[in-house]
Amino acid sequence: MPENTLVTFPAGELTAETTIRLTVPVGDRHGIVCATTPFHPIDHTWPDQPADQGTLTVGGQALAVEDCVIGAAPRDGSAPISTGDDIEVRRDDPDWNWYVVHVVAADPGAVTGERAGLEVDPVWRHGLSAGHTMCELVGLALNRELAGRWTKPVKDDALGHPDFDKLAITRSRIQPTGSVDHYRLGKSLRRKGFSADRLATELPELEAGINAVMERWVAEDATVGVETEGPGVDAMRTFYCELSDGAVRVPCGGTHVTRTGEIGFTQVSLSLSDDGSELRMEAARQLP
Ligand SMILES: [Zn+2]
């Protein structure tokens with residue numbers, strides 16, 4: 001089995017010249033694994049950021065990369081490569097090889113060993129990066145606004161506020177124009193010391209607080225980036241942002257912009273489910 005795919009998206013790369021290492025069926029489509037890729041795959045274990053799109057050119061033929069998923073195969077060759085949700089081991093198991101699988105509709109034929117050119121759609125990528133940076137920051141802004149609702153000490157976020165976002169989040173979806181996060185306000189959160197009393201009536205106040213913080217963070221145009229512990233797709237990666245309120249560092253496998261100013265104007269709206277058990281935060285970006 002080939003070594004782990006080397007990834008260049010953490011540094012913001014969009015193109016690569018590389019070698020095709022293997023092909024694998026992905027449903028009724030075709031997966032292509034290269035030695036190196038700038039493509040960011042969707043993470044099946046936490047599918048917040050959609051996969052990059054773009055083209056893979058081999059033998060003069062430009063194939064549309066419709067999707068990009070993670071593939072894995074045991075290092076000892078005891079099983080074939082599996083992809084996405086079919087991967088049965090814990091993410092980044094060191095006894096397995098980890099790959100980025102470019103999914104194309106047309107059968108590329110026997111291309112293993114061929115040279116290939118990879119090109120990520122720059123507009124789609126930039127939108128997702130801005131959406132992801134915004135999503136990280138609105139989570140921190142939400143923590144800040146909810147800080148007074150905690151009656152017991154819990155783990156703090158990078159800016160020193162109780163980490164509601166981490167403790168309660170159940171689902172996060174990022175798009176170029178915004179993000180939607182779902183939070184569970186259940187018994188276990190209450191037991192940890194979170195009070196949801198009068199939350200429904202205070203939502204407009206919370207929204208205004210989050211929007212004001214976001215306006216400030218976007219205006220200060222703080223440095224943003226991704227650090228990675230290694231060159232492979234399996235490496236731990238960290239999102240960082242040098243806000244005037246503090247330096248933020250959180251584990252994150254996604255892509256990000258380089259300055260908070262690239263996010264643009266952000267408008268957050270909060271809503272509660274009818275039974276009050278779920279808080280939904282929708283953040284919309286007005287494209288700058
Ligand atoms: Zn993230």
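**Entry 1: second largest pocket**

I began with the residue classes of the second largest pocket, whose lining divides into nine nonpolar, seven polar and two charged residues. In this division Ala, Val, Leu, Ile, Met, Phe, Trp, Tyr, Cys and Pro count as nonpolar, Asp, Glu, Lys and Arg as charged, and the others, Gly among them, as polar. I note that this is a predicted model, in which local features need pLDDT of at least 70 and side-chain atom pairs count only at pLDDT 80 or more, while totals for chains, interfaces and linings use all residues. Residues are numbered from 1 along each chain as its sequence is written, and side-chain values use heavy atoms, with hydrogens and water left out.

I looked up the volume of the second largest pocket and found about 270 Å³. It has 18 lining residues, and Ala-11, Gly-12, His-256, Val-257 and Thr-258 are the closest to its centre. A pocket is taken on a 1 Å grid over the protein atoms alone as an open set of points where a 1.4 Å probe fits, with protein on both sides within 12 Å along at least five of seven lines; lining residues have an atom within 4 Å of a point. Grid points are joined across faces, edges and corners, and the volume is the space filled by probe spheres set on them.

I then traced the elements, which are DSSP runs numbered from the N terminus: helices (H or I, at least four residues) and strands (E, at least two). Both α1 and β13 (224-228) supply at least two residues of this lining, and α1 gives the largest share, four residues.

**Entry 2: domains**

I recorded domain 1 (6-120) and domain 2 (123-286) for the protein chain; such bounds come from an automatic or database domain assignment. Their C-alpha centres lie 29 Å apart. Contact (heavy atoms within 4.5 Å) joins 25 residues of domain 1 to 21 residues of domain 2. The second largest pocket lies between the two domains, because both give residues to its lining.

**Entry 3: largest pocket**

I found a volume of about 1000 Å³ for the largest pocket. Its lining holds 38 residues, with Trp-46, Glu-136, Pro-251, Cys-252 and Gly-253 nearest the centre. I counted the classes as 15 nonpolar, nine polar and 14 charged. At least two lining residues come from each of α1 (122-146), α2 (164-168), β11 (169-175) and β15 (246-251); α1 supplies the largest share, six. Domain 1 and domain 2 both contribute to this lining, so the largest pocket lies between them.

**Entry 4: nonpolar cores**

I took a nonpolar core as a set of buried Ala, Val, Leu, Ile, Met, Phe, Trp, Tyr and Cys residues joined through side-chain atoms within 4.5 Å. Buried means under 20% relative accessible area, exposed over 50%, and partly exposed in between (1.4 Å probe, protein chains only). The largest core has 37 residues, of which Leu-137, Phe-164, Trp-217 and Leu-270 touch the most other members. The largest share of this core, eight residues, belongs to α4. A second, separate core of 24 residues includes Leu-56, Val-65, Trp-96 and Val-120.

Beyond its neighbours within four places in sequence, I listed the contacts of Phe-164, among them Leu-142, Trp-150, Tyr-183, Phe-194 and Leu-279.

**Entry 5: positive phi**

Most residues other than glycine have a negative phi. I noted Arg-198, with a positive phi near 55 degrees, in the loop between α3 (187-191) and α4; Arg-198 is exposed, at a relative accessible area of 59%. Asp-221 has a positive phi of about 50 degrees and lies in the loop between α4 and β13. At 30% relative accessibility, Asp-221 is partly exposed.
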